[in-house]
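Subject: Structure handover

Hello,

Here is the structure we spoke about, with notes on its salt bridges, its nonpolar core and a charged surface patch. Please look at the coordinates alongside the text.

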Amino acid sequence: MSLKSILRGTAVATLLFAVPVFAQTAPTSESAPQKSGQCEKGGRGKHGGGKHGGGHKFGRMEHRLDKQVAEGRLSQTQADGFKAEAKALHEEMNAARAAANGQVDEAQRSQFKERRRALKEKIKAALAPTQQGA
C-alpha cells in the first residue's frame, strides 16, 4: 500500500469516529445561549414572553403543565386541553383590551381573573388524585 492510501484511510476512519462524537456534544437550539440579550429561561424580564407564549401568567402555566407531563402526573391530552383553554382566555383578554383602547373596566378584569382562577382550580383537580398517592 502506498503512503497516500494509508493517509486517506486514516482520515476517513477518523471522520467516521469523530462525527458522531461531535454530533453528541454540539449545542442544540435549546441549550445554545441566546444572543438577543434574554436570560437563560427565555423570559423577557418580569412580564413574560419567551418560549411559552404571551402573558407571563399563561407562559408560566404552560411551563408548569409541560413539567407535570414530563413527570407523568398529567397526560399530554389533558395538558393540551388546559393549554388551549388558557390560550383562548388569553386571546379573549387581549381582544377585550384592544377593543377598549388598552383599558378594560373593573368588571371585565374581575371576570377574567375569576375565569383564570377557575382554570387553575380545574388543573389542580386533575392533579389531585396523583398527589394523594405520592
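Seven salt bridges are counted, a salt bridge being a side-chain nitrogen of Lys or Arg within 4 Å of a carboxyl oxygen of Asp or Glu. This is a predicted model, in which local features need pLDDT of at least 70 and side-chain atom pairs count only at pLDDT 80 or more, while totals for chains, interfaces and linings use all residues. Residues are numbered from 1 along each chain as its sequence is written, and side-chain values use heavy atoms, with hydrogens and water left out.

One of the salt bridges joins Lys 122 and Glu 85, at 2.9 Å from N to O. Lys 122 belongs to helix H4 and Glu 85 to helix H3, so this pair ties together parts that are 37 residues apart in sequence. Helices here are DSSP runs of H or I with at least four residues, numbered from the N terminus. Lys 122 is partly exposed at 39% relative accessibility, and Glu 85 is partly exposed at 34%; buried means under 20% relative accessible area, exposed over 50%, and partly exposed in between (1.4 Å probe, protein chains only).

Another salt bridge links Glu 92 to Arg 115, with the closest N and O atoms 2.9 Å apart. Glu 92 is in helix H3 and Arg 115 in helix H4, so parts 23 residues apart in sequence are tied together by the pair. Glu 92 is partly exposed at 38%, as is Arg 115 at 32%.

Arg 73 and Glu 71 also form a salt bridge, their closest N and O atoms being 3.9 Å apart. Arg 73 has 26% relative accessibility and Glu 71 has a relative accessible area of 45%.

Now the core. The largest nonpolar core has 15 residues, and Met 61, Leu 65, Leu 74, Phe 82, Leu 119 and Ile 123 have the most contacts inside it. A nonpolar core is a set of buried Ala, Val, Leu, Ile, Met, Phe, Trp, Tyr and Cys residues joined through side-chain atoms within 4.5 Å. Helices H2, H3 (76-99) and H4 each supply at least two of its residues, and H3 gives the most, with six.

On the surface, Lys 57, Arg 60, Arg 64, Lys 113 and Lys 120 gather in a patch of positive charge (residues with over 30% relative accessible area and no salt bridge, like charges joined within 9 Å). The elements giving two or more residues to this patch are H2 (56-71) and H4 (106-133). H2 supplies the largest share, three residues. Lys 120 lies in H4 and is partly exposed, with a relative accessible area of 41%.

Regards

Conventions
Patches are made of residues with over 30% relative accessible area and no salt bridge: like charges are joined within 9 Å, nonpolar side chains (Val, Leu, Ile, Met, Phe, Trp, Tyr) within 5 Å. Accessible areas come from the Shrake-Rupley method with a 1.4 Å probe; for residues, only the protein chains shown count as cover. Lys and Arg count as positive and Asp and Glu as negative; His and the chain ends are not counted. The place of a charge is taken as NZ of Lys, CZ of Arg, CG of Asp or CD of Glu.
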